[in-house]
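Please open the structure below in your viewer. This tour tells you what to select next.

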Amino acid sequence: MPSNSDNTEGNAPAPGMAALKAHIALHKIEMALWCTRVLTIIFTLLYFMPFGNPESSYNKALIANAATSALRLHQRHPRMAFSREFLATVILEDSCHYVLYSLIFLYVTPFSLALLPVFLFSLIHFASYSLTLLDTLGQNSWWGARLLISLVELQSRNILNWIAYTEIILMPFMVILIFMGRAGLLSPFLYYQFLTMRYKSQRNPYTRNKFHDLRVFLESLANHPQTPGFIKKLIVSLIDVVCRLCPPVTNMRAQ
């Protein structure tokens, strides 16, 4: 008598367009996430093109990223509850962080560096799920696309490090943008809340690790014998201020 697994394999469509259609029908949210990530990538690239409306592309890239994050948040927490516990759980999610990030920069005059984290996150996840889609078409399909995807996946750790550094660097830029008249007075305070959430993230430790790496680098620079005294005092004061602003991190495992 054939086993259940044999029956399942027999009923599964062979690799090809039929398998792809069946996969899309079964994974609607994942496909919606893939589409919104594609839109984020496209609108980010259009923003840097010398034609079209860059401000419109900038806003659309952030809106597409907000949609991605909202969908991912719904996927992680499909049942909404109006309670303090539910809100505390949602705030821990990386997708919630990037909903806030998108909303912050939607109200800032287009700033190119702000698109880098959303573009790189979209690129990583787009590449990962594209490989799944290509597998449904067949192991030997689209080998050129598979090569590009493998390059992205090989660099995924470096990409996540770039994202973390960008998140940190954007904090002083938010203050500068106020004096340039390109951001509201609340923008740095909202971005500080975003950065503290990234620092406390249990699923993505890269931002916290990059803060540590920057501290080690600055301390070594301050302790260098050729560093002038006033520069050393400035670095020590900067480290002290940042350490006081850093939130405590609880040892929690990501659910």
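**Stop one: a nonpolar patch**

Select Leu39, Ile42, Leu45, Leu46, Met49 and Phe51: they make a nonpolar surface patch of about 510 Å². Patches take residues with over 30% relative accessible area and no salt bridge, joining like charges within 9 Å and nonpolar side chains (Val, Leu, Ile, Met, Phe, Trp, Tyr) within 5 Å. A salt bridge is a Lys or Arg side-chain nitrogen within 4 Å of an Asp or Glu carboxyl oxygen. Areas are Shrake-Rupley values with a 1.4 Å probe, and for residues only the protein chains shown count as cover.

This is a predicted model: local features need pLDDT of at least 70, side-chain atom pairs need 80 or more, and totals for chains, interfaces and linings use all residues. Residues are numbered from 1 along each chain as its sequence is written, and side-chain values use heavy atoms, without hydrogens and water.

Now pick Leu45. Leu45 sits in helix H3, residues 28-47 (helices are DSSP runs of H or I, at least four residues; strands are E, at least two; both numbered from the N terminus). Leu45 is partly exposed, at 43% relative accessible area (buried is under 20%, exposed over 50%, partly exposed in between).

**Stop two: two annotated spans**

An unreviewed UniProt entry places "transmembrane region" at residues 31-51 and 169-192; such annotations may be inferred rather than shown by experiment. Select 31-51: its end C-alpha atoms lie 30 Å apart, with 81% helix and 0% strand. In 169-192 the ends lie 12 Å apart, with 71% helix and 0% strand.

**Stop three: cysteines**

Cys246 is partly exposed at 25%. The Cys246 sulfur has its closest cysteine sulfur in Cys243, at 5.9 Å, also too far.

Technical notes:
Buried < 20%, exposed > 50% of the residue type's maximum accessible area, 1.4 Å probe, protein only. Disulfide = S-S within 2.5 Å.
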